[in-house]
Amino acid sequence: MDKPFLDKLRKIDPYVPGEQPQAADIIKLNANENPYPPAPGVQEVLRTFDASSLALYPDANGKRLKAALAERFDVRPPQVFLGNGSDDVLALAFQSFFCSDKPILYPDITYSFYPVWCDLFSIPYETVPLDENFCVNIRGYDKPNGGVVLPNPNAPTGCGLSLDALEDLLQHNADCVVIIDEAYVDFGAQSAVPLLDKYENLLVVQTMSKSRSLAGMRIGYALGSETLIATLEAVKNSYNSYTMDALALAAGEASVRDEDYFQQTCRRVIATRERSADALRALGFTVLPSLTNFLFVTHPRKQAADIFAFLRQEKIFIRYFKLPRIDNYLRITVGTDEQMDRLIAALKKFL
């Protein structure tokens, strides 16, 4: 049967997230989630939240959460933008800032949502190859472009740039918006936030999904000049006026207010990451230096696809990307010490 309407549908290769297995006995190390619970204040918000208030719309401007974030990062509230997860923030930023006919630039191995948004919003782009050690080569961005997007630290490689390197990048890209995607910055990398006062074209995007254990709340935010943030707000209110929900706003504020718990949790993840990296190297794996809550590894004598399939049989889920240059690498989320010990034991069994 002829279906001419099919020719009018948008054709796009969608982003594919990590699997979300529901079985209780699964060790889930495939989505870079935090293995520890949110801050005690968040749990108190959930315990005492007045459900009757859900009959009312939430604060469209998220004033209390913006104020908490502004205080923590030493910026003004008008320099803070809120979204339903950093994906929401980034998608709006792509629409807001990448409007020229020049291609935007980002690494050839990076977050796989970037090309999806470029295709969806008809944004021209070019990828800049990582070097042989999977590190960002900032000199590759010294050419005319319509914008720069750089995860720091990068995913799925885990490598990060210094603050000096980020400033070098900004100095060579003063005529476009530079987005630094800092989803994993709290696990040891240097944030670009200190550069906000010097560079009006800088947008820093962060999330509460990783270091603050709030992946289920979908809280993302951006920090930037008042000019960039006002543009984001205008685009959001013209295209996607859906505010963060009341519960997420309250939980996010409680998390930001508990700096001690936040720092403690990050230190625990970092300690387990380094311990696990040493254990993997002892098994013969090559482990890239990581400033994230995951490890990017390969084995010189074993195929990543075989390791992935074996661990899955052992009910341990990790991430395998069948992509050029990294098709023999695996990304392993840092779990608890107990979870990582079970992973190491399973790998010993495989080897």
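In the predicted model described here, D337 has a relative accessible area of 35% and is therefore partly exposed, a class that lies between buried (under 20% relative accessible area) and exposed (over 50%), as judged with a 1.4 Å probe and with protein chains only as cover. Because the model is predicted, local features need pLDDT of at least 70 and side-chain atom pairs count only at pLDDT 80 or more, whereas totals for chains, interfaces and linings use all residues. Residues are numbered from 1 along each chain as its sequence is written, and side-chain values use heavy atoms, with hydrogens and water left out.

The side chain of D337 meets that of R275 in a salt bridge, with 3.4 Å from N to O, where a salt bridge is a side-chain nitrogen of Lys or Arg within 4 Å of a carboxyl oxygen of Asp or Glu. This pair links distant parts of the chain, since D337 belongs to helix α10 (residues 337-350) and R275 to helix α8, 62 residues apart; helices (H or I, at least four residues) and strands (E, at least two) are DSSP runs numbered from the N terminus. R275 is likewise partly exposed, at 37% relative accessibility. E314 is partly exposed at 27% relative accessibility, whereas K349, at 56%, counts as exposed. In the whole structure, the search finds 21 salt bridges. In general, side chains of opposite charge can pair when their charged atoms come close.

An open sheet of seven strands, with mixed pairing, has the order β2-β8-β7-β6-β5-β3-β4, two strands being paired if DSSP finds at least two bridges between them. The edges are taken by β2 and β4 (125-128), each of which has a single partner strand, so one side of each is left without a neighbour in the sheet. On average, and with direction ignored, neighbouring strands of this sheet are turned by 20 degrees against each other. Strand β2 (residues 80-83) is covered on both faces, with V80 and L82 buried on one side and F81 and G83 buried on the other. The antiparallel pairing of β2 with strand β8 (residues 220-224) extends over four bridges, and within it G83 stands opposite G220. By contrast, strand β3 (residues 104-107) and β5 run parallel and are joined by two bridges, with V148 of β5 as the bridge partner of L105.

In helix α5 (residues 163-171), the buried residues are A165, L166, E167, D168, L169 and L170, and their cover includes β5 (147-151), β6 (178-181) and β7 (202-207).

A second open sheet consists of four strands in the order β9-β10-β13-β12, with antiparallel pairing. Its edge strands are β9 (286-287) and β12 (319-320), each with a single partner strand, so one side of each lacks a neighbour in the sheet. Two bridges pair β9 with strand β10 (residues 294-298) in the antiparallel sense, and T298 in β10 is the bridge partner of T286. Helix α8 (residues 259-282) packs on this sheet, touching β9, β10 and β13 (330-333), and its direction makes about 10 degrees with that of β10.

Conventions: Contact means heavy atoms within 4.5 Å. Axes are lines fitted to C-alpha atoms, for helices over the stretch in contact, and angles run from 0 to 180 degrees between N-to-C directions.
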